[in-house]
Amino acid sequence: MSQDADLRGTPAFPSTRWSELVAGPGQGDPDGAAARAAFEALAVRYWRPVAAYVRARGARDDDEARDATQDFFVWMLESGFLARLDRSRGTFRGFIKRTLKNFLHDLERKRRTVRRGGTRNLLPLSGAEGDLDLPDPAGRDPEALLDDVWRQELLARALDGLEAELAARGKQRTFRVFRDYFLSEEELDYAAVAARHDMTGVDVSNALAAAKKRFRAHLRACVLETVGGDEDLRAELAWLFGGENAGRASEAGP
Amino acid sequence: MSREPTPRLTPRAIERLLAAAAPLRERPDVGALDLERYELGEVLGRGGMGIVYAAFDRELGRRVALKVLSRPAGMRDSARQRFLREAKAAARLSHPHIATVYDATPEAIAMQRVDGETLSEAGTLDPRRLAELVRDAALAIHFAHGEGVVHRDLKPGNLMVERSSDRAHVYVMDFGLAKELAVDSSLSISGSVVGTPGYMAPEQAAGRGQEVGPQTDVYGLGATLYACLAGRPPFEGEDVYALLRSVVEEEPRPLAALVPRVDPDLATIVEKCMAKEPAQRYPSALALASDLDRWLRGEPIQARPPSLVYRLRRFVSRRQGAIAVGVAAAGVALLAALPFVIHARGRRAAAERERELADSLFELSRRVQTALSEARETRQSGVGHELGAFHILEGAIADCRAALAQTEVGYVRFFLGRLLAAQGRFDEALVALDRAGELRPDIQGLPRERGLVLAALFRDAVPVFGETPPAELETWRARALADLERSLAGEPSVPTADWIFAEGQRAWMAGDLEAAIEKHREVVEMDVAHQEAHLSLARLYSLADRVELAMRHSVIASDLMRGHRPAYVAGGNVRSSSGEPLLPDRELLPLEGLRELLVDFNLLLQIEPGDANTFGLRGQVRLRQAVRASRKGNRDGALENLEMAVREYDACLTVDPSHAAALVNRGVCNAHLARLLGAGPGPECARRALEGARADLDRALELDPALAVAHFDRALLRLRRSQIAQLAFDAEGARTEREKARADARAALLAAGEEHPWGWRFEELVEELE
């Protein structure tokens, strides 16, 4: 019997988990420095959905949305809000929505009083770089837009994880098969994918089955990062697959 | 990373990816290790932590036992984390006689599946066969000790025997896993027994965690041998406390008495394993394995039956230990103790009485210890349990008082003092501890306990709303310092969080705030749930003018100590010294937060009826709810809440007429009421409300001219009056009121200083009025 304790290919369980963050400053982290770092990591990952929301709430352009999003995360980090996270249980997404609404409300009021040109405390959040490429907010409900972009980010991250894992295992071709089958504009069938990669249809079928399995594991890990517990996980998965109504229900909370 | 960035996903791609991942939706709970890697089979067992399935690992083609963990109510995240750490440590162990833990995640643990039966199921075994199995297990345990892992829960149920061929093969199960389970399930809040503490080593049963080590496992192996030879566990009891007490205090019935034909050498080996003092046991599991091997080969064993002198000494020290409960009682000198034994024999009746007293004292001390730790756990377990903790402690307090009504015993006074301190009733605690000190100056823990109570009195007596500090303040400080100096004279071998906490308190009492902060930070690093340390940090940081940190610790403390008065007082302290009236986040606190706070305050009033601050805090919540309702256009809701708020402030001011914050807030309520009721030349009640508002704010500012918020609120009020005057074509009156409003707004800005959270609002108002 093999004593091999290594679970090859299992995605590393992420260290930045919402549930750990809401547990507050932990051992060896009295100032919450680690919690802060964890929060920053989560913030970077969910930058786009927040920016999309801000944009839909009336930011003039992507740059203004970028600024307000930046302000929002900086404020979260600097206001001591992190230390009190445990008061607001639930998912990271739900939390962001609730806080964001209040924040923007406050921000508008402050903007009316604070003189222009004041100093702004910029934080190097890498999510702020590059083209945001936000969806057109015209006629969209900001919350629904946030959910859509959030869903996109989750899937894109799971996809990134899958690619990294398969590359690390020397199975780049499996990833390419997965990508061509699921993501190509032309919507190739097995035969077309097989022809493209010089494989048999059975090979394609096997590669896809293996990759799908791993994709699910990565997706689950991504969602897990943003929830506080088992029940939240279920609710968040229901939202992820079920569209907006399920999402609403999961936010109702106790 | 060289990979190309993933392109933005099209709606069609999203749809397809979601379809590919759809099975996740149906089975989110099993997917922890790897969603489809394990094929689940029959349920092998259920426990407090989850369900164990027989499973097949498709990827590596082997059979495993998969423990899918649920999150039991009451198990805190920290316990879960610890559990996981242990499991991961255990996963490193690879030994032919250890059931391998393959992997552990927060959701599931995959481990080697062993087909067979545990020693507890195996029935009576031939002593030679049994000795072989335990020898093999001891070798495995010794290997684990070398890797730095201690099992801590060895018992027949954790040794699994696989009879594949002619030879039985033993596996040690649940390495490093069982301990947290036992902690969480066997001593649950209800007190019901789930685990099997009958196999616990004395150092575990007595809660001497720092003594738990390799020799704890030696004890466990010995207890396992005992149970398999005797056919019953070494200790049994009616309830968990009686059982734990037996483990600590009593010798198991000699094996020879239960199994007349047992080999005396084997019985000696068992007895040596199960010595109460770890130092009296085999020095290692290897030594035990070697002795078992000698016995199996028919050679002389190395263990010796305990000498008469040793037995006698243990008897004496046990008696003394029973009297000096809660105080380390090891190492009583034989010569000093002997006359006591003889003396006691001569006066049997007196000794009998003393024994009874010692017994009931022991019971009581167990109850007290249990109450203290349960109350702490219960408080931490969240909303709804706060009254539970309160009642647990009150119950134990009542027991102590009942005992004291019969006889005045120093130790009982001491227990009472500790319980009262845990309840936050420090003044009463001090009285009890002082009395205990008069009766029994030699109680070991007394100086520290009293020093901490005095320090807490000092801490909480620092004025909240500018009242004069009590005259005893300096006495408390000096006495606390003396007591703490005395109790911290020695050096502990391993400094515990409580020890460092006492050091921090000493530094504070000695006036060294920086050192005190340093020590307390060390404490919360070691024990993040150390409530008193958070409270003290809240106060220390606010003294050091680090408001942000002070707020944080006060919030943590009040979260940890729901229903614990000093937590709220400290919170009020910090918040009022930061210039912010009582509640953080006037704007951001969500509605659930308000409701939760209201629950807190209602509980607080049950614990301490007639506490002015609590009424004030409750009024505060009502006021916030009113503001919220008003913003939503719910006029009736706003009116109703405002009226309730005014009543709360009335109650607060009846108890404490000079409560400045309450005056300000009642003023604000009245101002809102006036506005809602149609201020200006409107109904009479609106005018009265306005008058009331002004009177309240005037009085508040008389009491404390530096109350920025009161200035601000009065400025708003005056602005309103100015507007009313304008409407009444009283240009002169309007101008005067506006002048006054401006003066107040400026005063608010001035009093607020740089860091005030509302500074920008004051600024806004001044600008508007300039």
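A:E187 sits in the loop that links helix 7 (172-183) to helix 8 (190-197) of chain A. Keep in mind that this is a predicted model. Below is a quick tour of that residue, another loop residue in chain A, and a sheet and a helix in chain B.

**Loop residues with positive phi (chain A)**
- A:E187 isn't a glycine, yet its phi is positive, near 55°.
- With 13 other C-beta atoms within 10 Å, A:E187 comes out as partly exposed.
- Go on to the loop between helix 8 and helix 9 (201-224) of chain A and you'll find A:D198.
- A:D198 also has a positive phi without being glycine, this one near 60°.
- A:D198 counts as exposed, because it has 8 C-beta neighbours inside 10 Å and the cut-off for exposed is 12 or fewer.

**The sheet (chain B)**
- Two bridges join strand 6 to strand 7 (residues 159-163) of chain B in the antiparallel sense.
- In that part of the sheet, B:E117 stands opposite B:V161 of strand 7.

**An enclosed helix (chain B)**
- Helix 29 (residues 660-676) of chain B runs for 17 residues and spans 24 Å from first C-alpha to last, close to the 24 Å expected.
- Of those 17 residues, 15 are buried, so helix 29 of chain B is largely enclosed by the rest of the structure.

How values were computed: Residues are numbered from 1 along each chain as its sequence is written. Chains are lettered from A and ligands numbered from 1 in the order in which they are written. This is a predicted model: local features need pLDDT of at least 70, side-chain atom pairs count only at pLDDT 80 or more; totals for chains, interfaces and linings use all residues. Two strands pair if DSSP finds at least two bridges between them. Helices (H or I, at least four residues) and strands (E, at least two) are DSSP runs, numbered from the N terminus. The expected span of a helix is 1.5 Å times one less than its number of residues. A residue is buried if 20 or more other C-beta atoms lie within 10 Å of its own, exposed if 12 or fewer, and partly exposed in between; C-beta atoms are placed from the backbone.
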